[in-house]
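Me: I have a structure to go through with you. Can we take it piece by piece?

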Amino acid sequence: MKERLCILALLTLLCVGRLSAQGVVSVSATEEPVSDIIKKIEQTSNFVFVFDESTSQALSKRVSIKANAQPIGKVMEQLLSGTGLEYKISQRQVMIFTACS
């Protein structure tokens, strides 16, 4: 029985690791600042977010999001919608910047 549980745990970890490596994330939040949601994504994935001080006001905007095993690009589109921010993904790094007018 212990052996089966260990194998199941190992397979689960491998699947989670594979999903993160493919750029798939899950996050759920209601009326939370964008910056807090970004921290959640960083803690549960392999992605690292980079942004500068000029984005701080937009990152404090409160939003709601629910994404289950969605591609990071789709999650970012939903997360940043209406904030005046854009993003670019380069491997594990997600750069957030103010949209050009």
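Me: Let's start with serine 45. Is serine 45 buried or exposed?

Reply: Serine 45 is buried, at 11% relative accessible area. Buried means under 20%, exposed over 50%, and partly exposed in between, with a 1.4 Å probe and protein chains only. One caution: this is a predicted model, where local features need pLDDT of at least 70, side-chain atom pairs count only at pLDDT 80 or more, and totals for chains, interfaces and linings use all residues. Residues are numbered from 1 along each chain as its sequence is written, and side-chain values use heavy atoms, with hydrogens and water left out.

Me: Where is serine 45?

Reply: Serine 45 sits in the loop between helix 2 (34-44) and strand 2 (48-51). Helices (H or I, at least four residues) and strands (E, at least two) are DSSP runs, numbered from the N terminus.

Me: Which backbone atoms lie by a polar atom of the side chain of serine 45?

Reply: The backbone oxygen of isoleucine 41 is 2.6 Å from a polar atom of that side chain. The backbone nitrogen of phenylalanine 47 is 3.2 Å from one.

Me: Isoleucine 41 again. What does isoleucine 41 touch?

Reply: Isoleucine 41 touches Val25, Val27, Phe49, Ile72, Val75 and Leu79, leaving out residues up to four places away in sequence. Contact here means heavy atoms within 4.5 Å.

Me: And the largest nonpolar core? Which residues touch the most other members?

Reply: Ile37, Ile41, Phe49, Met76 and Leu79 do, in a core of 22 residues. Strand 1, helix 2, helix 3 (56-59), strand 3, helix 4 and strand 5 each supply at least two residues. Helix 4 gives the largest share, 5 residues. A nonpolar core is a set of buried Ala, Val, Leu, Ile, Met, Phe, Trp, Tyr and Cys residues joined through side-chain atoms within 4.5 Å.

Me: OK, helix 4. Which residues in helix 4 are buried?

Reply: In helix 4 (72-80), the buried ones are Ile72, Gly73, Val75, Met76, Leu79 and Leu80. They cover an arc of only 160 degrees around the axis, so they lie on the same side of helix 4. That arc is taken from the directions from the helix axis to the C-beta atoms.

Me: What's on the face turned away?

Reply: Lys74 and Glu77, both exposed.

Me: What do the buried residues of helix 4 pack against?

Reply: Strand 1 (24-33), helix 2, strand 2, strand 3, strand 4 and strand 5. Just after helix 4, glycine 82 takes a positive phi of about 80 degrees.

Me: Which residues other than glycine have a positive phi?

Reply: Alanine 69 is one of them, with phi near 55 degrees. Alanine 69 is in strand 3 (62-71) and is partly exposed at 40%. Glutamine 91 also has a positive phi, about 55 degrees. Glutamine 91 is in the loop between strand 4 (85-90) and strand 5 (93-98), and is exposed at 74%.

Me: New topic. How many salt bridges does the structure hold?

Reply: The structure holds 1. Lysine 40 pairs with glutamate 32, the closest N and O atoms being 3.0 Å apart. Lysine 40 is partly exposed, at 28%. A salt bridge needs a side-chain nitrogen of Lys or Arg within 4 Å of a carboxyl oxygen of Asp or Glu.

Me: Last one. In what order do the elements run?

Reply: From the N terminus, α-β-α-β-α-β-α-β-β. That makes 4 helices and 5 strands. Of the 101 residues, 31% count as buried.

Methods
Polar contact = N/O pair within 3.5 Å; in protein donor to acceptor, adjacent residues only side chain to side chain.
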